[in-house]
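Please read them beside the coordinates.

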Amino acid sequence: MKEMLEIIIKNLVANPEQVTITEEQKENTINFSVKVANEDMGKVIGKQGRIAKAIRTVSKAIATKENKKVNIEFVEE
């Protein structure tokens, strides 16, 4: 799942080398912390958070197949 998230985000940003994704698992929950460059934050979140919501929706659909929950937090560097 981390690889899928990384591919999506790196294709959205202008500085893909500055994308950092950390994963933390607790029982049935996976927490992702996504760090991108400050100038790329708007591209990842999108207008009114639509792109971020779409990324979360796709991730939750994949996690549901594995009987897990997923949380994604976007953090500025």
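1. Which residues does Val75 touch, not counting residues up to four places away in sequence? They are Ser33, Val34, Lys35, Val36 and Met41, where contact means heavy atoms within 4.5 Å. Val75 is found in strand S3 (residues 69–76), and with a relative accessible area of 23% Val75 is partly exposed, a class that lies between buried (under 20% relative accessible area) and exposed (over 50%), computed with a 1.4 Å probe on protein chains only. Its C-alpha atom is separated by 15 Å from that of Arg56, 19 residues apart along the chain.

2. On the basis of these notes: this is a predicted model, in which local features need pLDDT of at least 70 and side-chain atom pairs count only at pLDDT 80 or more, while totals for chains, interfaces and linings use all residues. Residues are numbered from 1 along each chain as its sequence is written, and side-chain values use heavy atoms, with hydrogens and water left out.

3. The protein chain has three helices and three strands, taken as DSSP runs numbered from the N terminus (helices H or I, at least four residues; strands E, at least two), and from the N terminus on these elements run α-β-β-α-α-β. The radius of gyration, taken over C-alpha atoms, is 12 Å, close to the 11 Å that the globule rule gives for 77 residues, so the protein chain is as compact as a globular protein of that length; the rule is 2.2 Å times the number of residues to the power 0.38. Of the 77 residues, 31% count as buried.

4. The axes of helix H1 (residues 2–12) and helix H3 (residues 50–65) come within 11 Å and cross at roughly 160 degrees, the axes being lines fitted to C-alpha atoms over the stretch in contact, with angles running from 0 to 180 degrees between N-to-C directions. H1 and H3 are therefore roughly antiparallel to each other, a term for angles over 145 degrees. The contact is made by Met4, Leu5, Ile8, Ile9 and Leu12 of H1 with Ile51, Ile55, Val58, Ser59 and Ile62 of H3, and these residues divide into nine nonpolar, one polar and no charged.

5. Asn15, in the loop between H1 and strand S1 (20–26), also deserves a look. Asn15 is buried, with a relative accessible area of 18%, and, leaving aside its neighbours within four places in sequence, is in contact with Ala37, Glu39 and Asp40.

How values were computed
Parallel < 35°, antiparallel > 145°, perpendicular 65-115°, else oblique. Nonpolar A, V, L, I, M, F, W, Y, C, P; charged D, E, K, R; others polar.
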